[in-house]
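Please prepare a report on the structure shown below, with attention to its strands, its ligand site and a few individual residues.

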Amino acid sequence: MKFVVWKAYHLESSEIVDRYLAIVRELVSGHQYVICDDEEDVKREVVDADVMLCWKITPEVFARAQKLRWIQFGSAGIDHTVFPELLNSHVILTTLAGIHRVVVAEHVLALMLALARRLNLAASLQLQHNYDRAEIAATADVLAGKTVGIIGLGRIGLNIARLAKAFEMTVVGTKRVLDGELPNVDQVYGAGDYRRILPLSDFLVLAVPLTAETHALIGRKEIEMMKPHSCLINVARGAMVDHDALADALKSGKLRGAALDVFPQEPLPSNSPIWDLPNVIITPHAAASHPGYAESAAYIFKKNLTAFLRGEPMTNVYDRSRGY
Ligand code: OXD
């Protein structure tokens, strides 16, 4: 069996990715294993490949593949790389969904705390060697007693709910399939009713996959419906939010703050006005970064490889009808 790894985009060199690839190499020993750095190499190697590991595949690469049966992607969401030929094929697509449930939930809590405690203001004062506490003292707040609205009570969302409860918050949220009570959630709505949580939430968190339904989820109208002086936290995808409307709401004071890990265009262009808004915390699509990533990703790959070789059902199979 031939495995091709396309070590590009988010799988390009980093210590974590190198560790992941070392584990993968061990797992597939006994099989042919090729690592490609650029698209020309992949186009040549993919022709007789059975399995591909990549962060992204292009229509040009996919068109060359004659034997491909399985693609393991190196991310939880693959919205950035699906195209009709891929979706209409019989190639099994598996993702790393679920891998981020602990780290992204912790990141969200860190962002809520940072927004409430004005840590971004403290960091900018520190850079100026400025010990003036007046603005922080006047605006710092607590999480206890506040409401977090979580759009997407999936694996990450439910972990955010669990952590928020430890901070004595009320938790409301939405779920695509309503199938019984959810732990740590005070009120749950169907995905189509997500607007109902906007006026309730002091912190609105986006934790859903990007699909046709979640694209442009938060526009000008939805921002208008949000609770005055609330905060938006996006750890999902930038395309869910109208950033012009968001910038206006942050400038006017309609929203107290935002913490953004994802953007409509990544990297966020250096001339974007979002950079300079004092009430915004930006993390560069880093909500999922942590040293355990390689092991967790390799664990999913190992499970799937074992199932694939035995012809058994695989985990994290991308559902073409759901879009994640
Ligand atoms: C992902 C991510 O894995 O955004 O989808 O990090």
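## Strands and crossovers

Strand β9 (residues 203-206) runs parallel to β10 and is joined to β10 by 4 bridges, where strands count as paired if DSSP finds at least two bridges between them. Helices (H or I, at least four residues) and strands (E, at least two) are DSSP runs, numbered from the N terminus. The model is a predicted one, in which local features need pLDDT of at least 70 and side-chain atom pairs count only at pLDDT 80 or more, while totals for chains, interfaces and linings use all residues. Residues are numbered from 1 along each chain as its sequence is written, and side-chain values use heavy atoms, with hydrogens and water left out.

On β10, a parallel pairing with strand β11 (residues 255-260) extends over 5 bridges, and Ile 233 has Ala 259 as its bridge partner in β11. A right-handed β-α-β unit is also made by β10, helix α10 (residues 243-252) and β11.

Strand β10 (residues 230-234) is mostly covered, with 5 of its 5 residues buried, where buried means under 20% relative accessible area, exposed over 50%, and partly exposed in between (1.4 Å probe, protein chains only). In a regular strand the side chains alternate between the two faces of the sheet. In β10, Ser 230, Leu 232 and Asn 234 point one way and Cys 231 and Ile 233 the other way, and all are buried.

Strand β6 (residues 147-151) is largely enclosed by the rest of the structure, because 5 of its 5 residues are buried. Thr 147, Gly 149 and Ile 151 on one side of β6, and Val 148 and Ile 150 on the other, are all buried, so that both faces are covered. The strand β6 is joined to β9 by 4 bridges in a parallel arrangement, with Ile 150 opposite Val 205 of β9. A parallel pairing of β6 with β7 has 5 bridges, and in β7 the bridge partner of Ile 151 is Thr 174. Together with helix α8 (residues 155-166), β6 and β7 make a right-handed β-α-β unit.

## Ligand surroundings

The residues around the ligand are Ser 75, Ala 76, Gly 77, His 100, Arg 237 and His 285, a residue being near a molecule or strand if one of its heavy atoms lies within 4 Å of it. By class this shell has 1 nonpolar, 4 polar and 1 charged residues, where Ala, Val, Leu, Ile, Met, Phe, Trp, Tyr, Cys and Pro count as nonpolar, Asp, Glu, Lys and Arg as charged, and the others, Gly among them, as polar.

| Residue | Distance to a ligand oxygen atom |
|---|---|
| His 100 | 2.8 Å |
| Arg 237 | 2.8 Å |
| His 285 | 2.7 Å |

The protein covers 81% of the 210 Å² of accessible area that the ligand has on its own, with areas from the Shrake-Rupley method and a 1.4 Å probe; for residues, only the protein chains shown count as cover.

## Individual residues

In the loop between α5 (101-117) and α6 (119-127) lies Arg 118, whose phi is near 60°, a positive value in a residue other than glycine; Arg 118 is buried, with a relative accessible area of 12%. Asn 184, in the loop between β7 and β8, has a phi near 70°, likewise positive in a residue other than glycine, and at 31% relative accessibility Asn 184 counts as partly exposed. The peptide bond from Glu 266 to Pro 267 is cis, with omega near -5°, and Pro 267 is found in the loop between β11 and β12 (280-282).

Lys 2, in strand β1 (residues 2-6), is buried, with a relative accessible area of 5%. The side chain of Lys 2 makes a polar contact of 2.7 Å with the side chain of Glu 45; such a contact is a pair of N or O atoms within 3.5 Å, and within protein one must be able to donate a hydrogen and the other to accept it, with residues adjacent in sequence counting only if both atoms are side-chain atoms.

Note on methods. Right-handed = clockwise from strand over helix to strand, strands pointing away.
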